[in-house]
Amino acid sequence: MEKQEIEARVKKIISKILGVDEGKITSESRFVEDLGTESVQSLELVAAFEEEFGIEMEEDAALEVKTVDKAIEFIKKHLENK
Amino acid sequence: MKVLIFEDSNWINLTPLSYIKPVFELRCGFSTLFDKIRCKVEKMEIGLWVREYLINLIKAKYNYPVNDESFFMDDLLLINSRWLVTSKDKIEIIDEGIYQSEGDFVYAVLKQGTVKKIWDGDIDRFISEIKNHVKKEEKNVRIIKYPWHFIHFNSEILQDDFEFIGKSGIKGKFHSNAIIYGDEKRVYTEKDSEVHPFVVLDTHAGPIYIDKKAKIFPNARIEGPCYIGEDTQIMPGANIREGNSFGPVCRIGGEVEESIFHSYSNKYHDGFIGHSYIGEFVNLGALTTNSDLKNDYSSVVVYVNGKPVDTGELKVGSFIGDHTKTSIGVFFNTGSSVGMMCNVTSGGILPKFFPSFIWYINGRYMKGLGIEMMLKTAKIAMERRGRTLSLEEEEVIRKVYEITEEQRKEYISKSRKIT
């Protein structure tokens, strides 16, 4: 899957779960500081990414991801190793 | 003769309560199963036998030999740690024999020769083999098979423990505007305990024992039988109905009926908990409530290790594992089993079974924050009450995380929108 497609789908999920306008989500956006993600929402994001891309993310590693760009990279890597 | 207090493979039927502690550490009445057994055999040489992953932890906690095979080289009194011993129960050490209660092993008196002949290193095989070598006798005693049995017997055991200890009277601070409603001889307050103004201790249905440093704040009403453990606090206005045991360092508010709080757990706020066993370091958010009676008055089914079991009882609440936390406004269904280190948030009708370490958010089972983050939270919670998570305890929690992983994944997977 191309990075652009992953990015579009990731932003859509973030927008839906966090209630943030998609246009305001950039690659550099930080989940906590810029998007206001609470710990409960971070778990919802992990679950939604897993469902969307059919992957399994290890909890500790997934929660180390701090920005949207890193999340895209993280998912891309998982898809490549699938 | 040596005494070996053992747990058999039935510990799994007492989960989630027994995941990180041996069965004999579970509580009924004033004390644990171990304390009650020890009273009967304290002059003898005692040893303990636990499941393998608990060995290091129990060795660190007790000054008794643990899983020491040399016990099987001697005359042996073998006691099932699921035996809920009362003051009236007697251990007869006269003839070689096995004592059972409705087919369940209670204790056995064995000669060295018999022990050596049967022992092959496996406790469960040893137990089932004994009956082929010695005479059997039926005993009318209480054996704990499932978590709800602790609740079933608690009121009776509270009464029995009070009589056995035989203390009565006020040794702590008792404000002149607090009252004992009923027989005053059925109250004992330990030194350094405090009973504040406008507290009502109602002893019509049973005795009330308030242990050292416990505090009962104004306007609380406590109905006997009840045990309030060391350094436990009953919050202002609490409605403590009959049949409750609160272990040490708990904070209890709202309405509680026929329940056991193991120790170090908090239910500060309003909300009802009934016919429930709450583990250690559990935190129940404000208004957390459990149902303990079905609207059609049918018998309650509880999931034991993920499988439904009909309790045959009309009133059964929740069984909540150690270190679990609930958010504000969680409503548990009748007969819920909530694993250890779970995080349950409110929303709709909740399921009746929560695998350990799971997070339940917006009506779905989810992975938690990972074991490292959960251990970090546990350490903070324990430090707040002056306790430290030992290396052995941490090792046991990690092991339980591992052995419950498959079940957790199964439930998360079922909960997915797309699989």
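This briefing describes the chains, domains, core, sheet and chain contact of the structure above.

The model is predicted: local features require pLDDT of at least 70, side-chain atom pairs count only at pLDDT 80 or more, and totals for chains, interfaces and linings use all residues. Residues are numbered from 1 along each chain as its sequence is written, while chains are lettered from A and ligands numbered from 1 in the order in which they are written.

**Overall form of chain B**

- Chain B contains eight helices and 40 strands; helices (H or I, at least four residues) and strands (E, at least two) are DSSP runs, numbered from the N terminus.
- The radius of gyration of chain B is 22 Å, which agrees with the value near 22 Å for a compact globule of 419 residues. This radius is taken over C-alpha atoms, and the globule rule is 2.2 Å times the number of residues to the power 0.38.
- Along the principal axes, the C-alpha atoms of chain B fill a box of roughly 65 × 60 × 45 Å.
- Of the 419 residues in chain B, 48% are buried. A residue is buried if 20 or more other C-beta atoms lie within 10 Å of its own, exposed if 12 or fewer, and partly exposed in between, with C-beta atoms placed from the backbone.
- Among contacts in chain B with a separation of 6 or more, 44% join residues 24 or more positions apart; a contact requires C-beta atoms, placed from the backbone, within 7 Å.

**Domains of chain B**

- Chain B is divided into domain 1 (2-145) and domain 2 (148-415), with bounds that come from an automatic or database domain assignment.
- The C-alpha centres of domain 1 and domain 2 of chain B lie 27 Å apart, and their contact takes 24 residues from domain 1 and 36 residues from domain 2.
- On the side of domain 1 of chain B that touches domain 2, β2 (27-28) and α2 (55-61) of chain B each supply at least two residues; the largest share, three residues, comes from α2(B).
- That side of domain 1 of chain B has 14 nonpolar, seven polar and three charged residues. Ala, Val, Leu, Ile, Met, Phe, Trp, Tyr, Cys and Pro count as nonpolar, Asp, Glu, Lys and Arg as charged, and the others, Gly among them, as polar.

**Nonpolar core**

- The largest nonpolar core has 138 residues, and those with the most contacts inside it are I5(B), L78(B), I234(B) and C342(B). Such a core is a set of buried Ala, Val, Leu, Ile, Met, Phe, Trp, Tyr and Cys residues joined through C-beta atoms within 7 Å.
- Helix α2 (residues 39-53) of chain A gives the most to this core, with seven residues.
- Domain 1 (2-145) and domain 2 (148-415) of chain B both contribute residues, so the core lies between them.
- Beyond its neighbours within four places in sequence, L78(B) is in contact with L4(B), F6(B), Y107(B), A108(B) and L110(B).

**Parallel sheet in chain B**

- Six strands of chain B form an open sheet in the order β13-β16-β19-β22-β25-β28, with parallel pairing; strands pair if DSSP finds at least two bridges between them.
- β13 (179-181) and β28 (272-274) of chain B stand at the edges with a single partner strand each, so one side of each is left without a neighbour in the sheet.
- β19 (residues 221-223) and β22 (residues 239-240) of chain B pair over two bridges, and R221(B) stands opposite N239(B) in β22(B).

**Contact between the chains**

- Ten residues of chain A are in contact with 14 residues of chain B.
- β39 (359-361) and β40 (364-366) of chain B are the elements that give two or more residues to the side of chain B that touches chain A.

Key
Two residues are in contact if their C-beta atoms, placed from the backbone, lie within 7 Å.
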